[in-house]
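Please read it alongside the sequence and the coordinates shown below.

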Amino acid sequence: MILHILLWILKIIGIALAVILCIFLLLIGILLFVPVRYEIFFRSRGMRDSLEADIRVSWFLRLIAARIRVNGTETDFCVRAAWKQLLPAKEKEEPEEAENFPKENQESILESPDVEEERKTEQSFSKEEILKEKDFNQKTEEKETERQKTEEKKGTEPDGIWFRKILVLWNKIKAIWVKIKYTITGICDKIEVFIERKDRLTEFLAQEEHRKAFSVGVSELRRILSILKPKELRGKLRFGFSDPYLTGNTLALLGIVYPFLGDSLEITPEFEECVLEGEVFAKGKLRVGTFVRTAIRLLRSCEVRMTVRDIRKFRW
């Protein structure tokens, strides 16, 4: 009888553990394979007030959703989980108590006789202080003029003037020479350090394991970009910054991703003016499982592991 009861208890415990394990695996599957869907709409006519943007993100049949709206200089956002709104829109601030203070009480306080007496005493003290300051300023000015006259008399000697000028000129020449010397030595040191680092870096990248790891990383990056590209993408965009160098760098970064976006997006750079105008619509989805699978593939590669280990040990 006791053995029968123990078997029933073990059976119930096993069923409970199996249910917990199934729930755990179901949650992991939901997190890895249920996609995060997004929609992005952007429009601008070249001016800051004309900027319009609407970004929507949702997950698991809109169980969790977020939205960001931009209209000119105004921004509104909200986050919702199921039926509960976690981050509502901004509410208007309540007026402070000082603003609602009645004017009658303020006027009565200002018109009280004690306050008037205090004002009179403060005015009298301020007049006395002003007179004292004027006398002090006059005395200091007189002393300063006398000191300048004595210095001019001392400096009228021709030998003293020429000696001072030559000394000042020599100090300037000496300071300029020291600056030039330090800049030249600094540039030479930087060049030597750069050459030494360049040799170390080329030697590091020339190894066969590191080259294989680099090729594996590039192939995985291409694969993940092809998976993560938007399902729908269309629009035209014309952009430019006040600095042409910054515009060129931005265009170079976009050129890396542009082959994966297709011909539906037209990008026109402007190197002579600061402008941002156009209209873009994008819609797609992201899965956590994609990143996890890429991380597992990189970790399985022995070349990548060796390269990561060598990078940690690498010293400039």
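## Arg 45 and its contacts

Arg 45 belongs to strand E1, which spans residues 36-45; here helices (H or I, at least four residues) and strands (E, at least two) are DSSP runs, numbered from the N terminus. When residues up to four places away in sequence are not counted, Arg 45 touches Ser 50, Glu 52, Leu 276 and Glu 277, where contact means heavy atoms within 4.5 Å.

## Basis of the values

The model is predicted, and local features therefore need pLDDT of at least 70, while side-chain atom pairs count only at pLDDT 80 or more and totals for chains, interfaces and linings use all residues. Residues are numbered from 1 along each chain as its sequence is written, and side-chain values use heavy atoms, with hydrogens and water left out.

## The chain as a whole

The secondary structure of the protein chain comes to eight helices and eight strands. Of its 316 residues, 13% count as buried, a class defined by a relative accessible area under 20%, with exposed meaning over 50% and partly exposed lying in between (1.4 Å probe, protein chains only).

The protein chain exposes about 26,900 Å², of which carbon and sulfur atoms supply 63%; accessible areas come from the Shrake-Rupley method with a 1.4 Å probe, and for residues only the protein chains shown count as cover. Among contacts in the protein chain with a separation of 6 or more, 60% are accounted for by residues 24 or more positions apart.

## Two residues with positive phi

Phe 60 lies in the loop between strand E2 (52-59) and strand E3 (64-71), and Leu 61 lies in the loop between E2 and E3 as well. Phe 60 has a positive phi of about 55 degrees although it is not a glycine, and for Leu 61, which is not a glycine either, phi is positive at about 55 degrees. Phe 60 is partly exposed, with a relative accessible area of 32%, whereas Leu 61, at 83% relative accessibility, counts as exposed.

## Thr 247

Thr 247 is found in helix H6, residues 244-261, and is buried, with a relative accessible area of 0%. Leaving aside neighbours within four places in sequence, Thr 247 is in contact with Phe 239, Gly 240, Phe 241, Pro 269, Glu 270 and Phe 271. Of these, Phe 271 is 24 residues apart from Thr 247 in sequence and 6.5 Å apart in space, C-alpha to C-alpha.

## Packing of H5 with H8

Helix H5 (residues 208-228) and helix H8 (residues 302-313) pack at an angle of about 115 degrees, their axes being 8 Å apart; axes are lines fitted to C-alpha atoms, for helices over the stretch in contact, and angles run from 0 to 180 degrees between N-to-C directions. H5 is therefore roughly perpendicular to H8, given that angles under 35 degrees count as roughly parallel, over 145 as roughly antiparallel, 65 to 115 as roughly perpendicular and the rest as oblique.

In this contact, Glu 209, His 210, Lys 212, Ala 213 and Val 216 of H5 meet Glu 303, Val 304, Met 306, Thr 307 and Asp 310 of H8. The residues of the contact of H5 with H8 divide into four nonpolar, two polar and four charged, where Ala, Val, Leu, Ile, Met, Phe, Trp, Tyr, Cys and Pro count as nonpolar, Asp, Glu, Lys and Arg as charged, and the others, Gly among them, as polar.

## Packing of H5 with H7

The axes of H5 and helix H7 (residues 288-300) come within 11 Å and cross at roughly 170 degrees, so H5 is roughly antiparallel to H7. The residues of the contact of H5 with H7 divide into six nonpolar, three polar and four charged.
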